[in-house]
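Here is a friendly walk through one protein model, written for someone who likes cut-offs stated plainly. Have the viewer ready and follow along.

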Amino acid sequence: MNYLENILNIIYPPVCGFCNEINNNYLCINCLKKFNQFKISTIDKYNISNFYFKEHFYLFKYENEIRKKIINYKFNENSHLYKTFSQIFKHDLTFKKFLSNYDCILSVPIHKKRKYIRGYNQSKLIAKDIGIHLKKPYYDDVLFKTTNIVAQSTLSKESRQTNVINAFTVQNCEKIANKKVILFDDIFTTGATTNECSKILIANGATQIGIVTIAKD
């Protein structure tokens, strides 16, 4: 921890993102136990020809209290909650085993206009923190969103499939060449966004894509 972080922690003490009690790990024992009760840590396999990713790991179903927490994190200017979500991943043994089979981590990007409005990419914050603490390379200069499409959450399942076509591009493809890549996103609904990203990553040299999300709808 550097000097600036020490000063900020004095002014704004770290708290558990779920109960707001002061906690240096951003997740208190009581909340960890609480959310572990409905954590499912599931891996879905995808061997169907129209999917470009192989498997999908997620911690929760997108419902009830976890749904409220994700919405609060994503839309209500609560970027600090990434530290709490990443703590849940870092405590999960199934996730750590899943991650060990891959070479690097990317996150689903958002368009620069949306980032300007929101102030942060919610998926990037968690993915980068996981990479640092679990010693897995995280790259934010590979996958980019070049088209500011209509938000997927506002569309029907059918419309989501076509909405993301050609919305992404890849640079610095040497970083993923012949690599197994984790692609991190916050929520998995139809898989349209992660599948489109996976398609372009495979086309640019990645050998396998595994999806990781906080929750699945």
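## An exposed loop residue

E77 counts as exposed, at 68% relative accessibility. For the terms used here, buried means under 20% relative accessible area, exposed over 50%, and partly exposed in between (1.4 Å probe, protein chains only). E77 sits in the loop between helix 3 and helix 4, and has a positive phi of about 55° although it is not a glycine. Most residues other than glycine have a negative phi.

N172 is another such case, with a positive phi of about 50° although it is not a glycine. N172 belongs to the loop between strand 5 (168–170) and strand 6, and is partly exposed at a relative accessible area of 31%.

## Ground rules and overview

This is a predicted model, in which local features need pLDDT of at least 70 and side-chain atom pairs count only at pLDDT 80 or more, while totals for chains, interfaces and linings use all residues. Residues are numbered from 1 along each chain as its sequence is written, and side-chain values use heavy atoms, with hydrogens and water left out.

The secondary structure comes to nine helices and seven strands. Helices (H or I, at least four residues) and strands (E, at least two) are DSSP runs, numbered from the N terminus. Of the 217 residues in the protein, 48% are buried. Among contacts between residues at least 6 apart in sequence, 72% join residues at least 24 apart; contact means heavy atoms within 4.5 Å.

## Helix 2 and its two sides

Which residues of helix 2 are buried? In this helix (residues 29–36), they are C31, L32 and F35. Seen down the helix axis, these buried residues fall within an arc of 105°, so they line one face of helix 2. The arc is that of the directions from the helix axis to the C-beta atoms. As background, an α-helix has 3.6 residues a turn, so residues three or four places apart point the same way.

On the other side of helix 2, I29, N30 and K33 are exposed. The buried residues of helix 2 pack against strand 2 (55–61), helix 3 (64–75) and helix 4 (82–91).

## Loops on either side of helix 2

F18 lies in the loop between helix 1 (3–11) and helix 2, and is buried, with a relative accessible area of 10%. Not counting residues up to four places away in sequence, F18 touches L27, C31, F35, K69, T84, F85 and I88. The C-alpha atoms of F18 and T84 are separated by 7.7 Å, although these residues are 66 apart along the chain.

I40 lies in the loop between helix 2 and strand 1 (42–45). I40 is partly exposed, with a relative accessible area of 38%. Leaving out residues up to four places away in sequence, I40 touches Y58, L59, F60 and K61. The C-alpha atoms of I40 and A215, 175 residues apart along the chain, are separated by 9.6 Å.

## Helix 4 against helix 7

Helix 4 is mostly covered, with eight of its ten residues buried: Y82, T84, F85, S86, Q87, I88, F89 and K90. What covers them includes strand 2, helix 3, helix 5, helix 7, strand 6 and strand 7.

Helix 4 and helix 7 pack at an angle of about 45°, with their axes 9 Å apart. That makes helix 4 oblique to helix 7. Axes are lines fitted to C-alpha atoms, for helices over the stretch in contact, and angles run from 0 to 180 degrees between N-to-C directions. Angles under 35 degrees count as roughly parallel, over 145 as roughly antiparallel, 65 to 115 as roughly perpendicular and the rest as oblique. At this packing, Y82, F85, S86, F89 and K90 in helix 4 meet L125, I126, D129, I130 and H133 in helix 7.

## The nonpolar cores

Which residues have the most contacts inside the largest nonpolar core? They are F85, F89 and I126, in a core of 35 residues. A nonpolar core is a set of buried Ala, Val, Leu, Ile, Met, Phe, Trp, Tyr and Cys residues joined through side-chain atoms within 4.5 Å. Helix 4 gives this core its largest share, four residues.

Leaving aside neighbours within four places in sequence, I126 is in contact with Y73, Y82, F85, S86, F89, F184 and I214. Apart from this core lies another, of 22 residues, among them V108, F168, I176 and L183.
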